[in-house]
Amino acid sequence: MSVAAVLRRSPLPEAKARLLADLTDDLDAASLWWLSGYAAGLAQRDGTSLASVAPDAQPAAEAETGARLSIVYGSQTGNAQRIATELAQQAQARGLNVRLLRADAYPLRELKDERLLYVVISTQGDGDPPDDARGLIEFLASKRAPRLPHLQFAVLGLGDSSYPRFCAVARTLDERLAELGATRLRARGEADLDIDTVASPWSQRALDTAQEALKPRATLATVTPLRPQQTASVARDVQAEVLLNQRITARDSSKDGRHLELSLEGVEYEPGDALLVTPSNPPVLVDEVLAALRASGDEPVAHKGEELPLRVWLEQRCELTRLSRPFLAMHAQRARDGELARLLEPANSETLSGWLRAHQVIDLLQTSPNAWNAQDLIESLRPLTPRAYSIASSHAAVGDEAHLTVARVEYQRDGNTRWGAASQYLCTRAEGDRIAVRLQRNERFRLPKDGERDIVMIGPGTGIAPFRGFVQERAVSGARGRNWLFFGNPHFRSDFLYQTEWRAALKNGTLHRLDLAFSRDQSEKIYVQHRLRERGHELHAWLREGAHLYICGDARMAKDVHASLIEVIVEHGALSPEDANAWLDELQREGRYARDVY
């Protein structure tokens, strides 16, 4: 780019723009990348991220939209953000002009001028979009969406095939963009829980296509290199020593709740972040699989360029506790099981979803022991993936440690005990054991920067975890805003997680309000959403006065809580249900309504 072009486009004073042009005139590509990263670091000293500044940094009217790739992501747990970030980094490495935007930071007014758009988006629960993509999805579905005859696009969806509406948001988005006149450059990708199996080859093909559509250029308009803190997770595992593994539910409780303290030196995290835990499958379960296969476990199995004993594959590499629809379909065919084949029919999608969550691989193998040999089984199982656990501590309060709150998944099926892989793995670790963990950042689930702001935290069960870190952080930082916690579980006596800590926090003033819902302590079940409605007047007042609202827990609970919040706003804010929902959407866009759901 010429000096004159820099001067025309630059928001800098003319003298500084000339200095910048002179400085960069003779630099090679490596030096330019370093300089752009340095500048990005300076820009982030106030905590502003690339995703939030990118829309204004290069307005569509001034940008070379015809020679730019925009990558937009909608992410609930961080996976779509990670894939989109890696895609953007690889595009940069190829010399492409690229910008990376979170869906709620994408300026909708620019869509009509967009020329090349890639979207990476997850589907939550029963076909719901991630919170940060709701506005984009609603806009595209509305009559306000523009015609897009000049747009070329590709969509990568992330989901869980155990749910009936697998990758439904990606499908809807893909079809809607085509309806609006856009041209589909690549077939839609649909990644299951073993995300990289689909995402990696899709990304490479999408990059090849983008390179054909764009002329590689490395100019000042090119997006700055993404710094590690801008990505969804830190790319390396660390070995964290277990310092404490303590049961925090009563011995007679139906729930085995644990508090784990891990040594985490050299890893700085913020309240709201999570740890990705790489588990191994329960040894008893592995033995059952080997018995069903009539194998010793010592047999070598070669898969994807690696040869390992069968037992190692089953313990460390393959998913045994989560069934997928594709595997079930293969098993039904191999076992010639008509009942399973009927279950896989589209009309039975709701039944199938519950069935998949209630069964494991071993249940199929024991029913049809001759359907699989070791080689075919290893080739057909999904890779064992890390599980995310919200960090239940503040780094400022506990130093080089990270605390986790874990509920062991354990149940009986046909007289046999079944476990969740990660929860069983964590709950059986002894002090001194080491666990492979990786930090997963959650920039959307952050405390308000203004410590004067009040916060409302809704976290039943292990959803309490991040709020323990929130309260610790606010106490250390001296935040003067009030803290209000809603917590629920089956029984007060046996399931009140961190009861002593919350009582002490109420007494010393670091927790200002605590509302409890123990569902099985009376004939009528009471959940946190009931308490929200009961406290509706005060809750609405807090929100009207600027409080930040947080929800953590399972998706079904979060949906019920959202519905209760709308009822509260309708009753105490004198709004229609539509306007109440729009108000919550606005709070979400402002960063005042955040959910961490699974």
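Trainee: Is Trp372 buried or exposed?

Mentor: This is a predicted model, in which local features need pLDDT of at least 70 and side-chain atom pairs count only at pLDDT 80 or more, while totals for chains, interfaces and linings use all residues. Residues are numbered from 1 along each chain as its sequence is written, and side-chain values use heavy atoms, with hydrogens and water left out. Buried means under 20% relative accessible area, exposed over 50%, and partly exposed in between, with a 1.4 Å probe and protein chains only. Trp372 has 6% relative accessibility, so this residue counts as buried.

Trainee: How many aromatic pairs are there?

Mentor: Rings of Phe, Tyr and Trp (its six-membered ring) pair if their centres lie within 6.5 Å; planes under 30 degrees apart count as stacked, over 60 as edge-to-face and the rest as tilted. Under this rule, the count of aromatic pairs is 14.

Trainee: Which class does the pair of Phe327 and Trp372 belong to, and why?

Mentor: A pair of aromatic rings is described by the distance of the centres and the angle of the planes. For Phe327 and Trp372 the centres are 5.0 Å apart and the planes stand at 10 degrees, so the pair is stacked.

Trainee: How many residues apart are Phe327 and Trp372 in the chain?

Mentor: Helices (H or I, at least four residues) and strands (E, at least two) are DSSP runs, numbered from the N terminus. Phe327 belongs to helix H11 (residues 325–335), and Trp372 to the loop between helix H14 (361–367) and helix H15 (374–380). Phe327 is buried at 3% relative accessibility. The pair links distant parts of the chain, with a separation of 45 residues.

Trainee: Which class describes the rings of Phe445 and Phe470?

Mentor: Phe445 is buried at 0% relative accessibility, and Phe470 is likewise buried at 0%. Phe445 lies in the loop between strand S16 (434–440) and strand S17 (455–458), and Phe470 in helix H18 (residues 465–477), 25 residues apart. Their ring centres are 5.6 Å apart with planes at 35 degrees, so the pair is tilted.

Trainee: How far is the charged end of Arg334 from the ring centre of Trp372?

Mentor: A charge sits over a ring if NZ of Lys or CZ of Arg is within 6 Å of the ring centre and within 35 degrees of the ring normal. The charged end of Arg317 sits over the ring of Trp313, 5.8 Å from its centre. The charged end of Arg334 sits over the ring of Trp372, and its distance from the centre is 4.2 Å.

Trainee: Which residue in S21 is the bridge partner of Cys552?

Mentor: Two strands pair if DSSP finds at least two bridges between them. Strand S20 (residues 548–553) pairs with S21 in the parallel sense over 5 bridges. Strand S21 (residues 593–597) has 5 of its 5 residues buried. The bridge partner of Cys552 there is Asp596.

Trainee: Which side chain forms a polar contact of 2.7 Å with that of Thr405?

Mentor: A polar contact is a pair of N or O atoms within 3.5 Å; within protein, one must be able to donate a hydrogen and the other to accept it, and residues adjacent in sequence count only if both atoms are side-chain atoms. Thr405 lies in strand S13 (residues 401–407) and is buried, with a relative accessible area of 5%. The side chain joined to that of Thr405 at 2.7 Å belongs to Tyr498.

Trainee: Which side chain is joined to that of Asn483 by a polar contact of 3.0 Å?

Mentor: Asn483 is in strand S18 (residues 483–489) and counts as buried at 3% relative accessibility. The partner in the 3.0 Å polar contact is Arg474.
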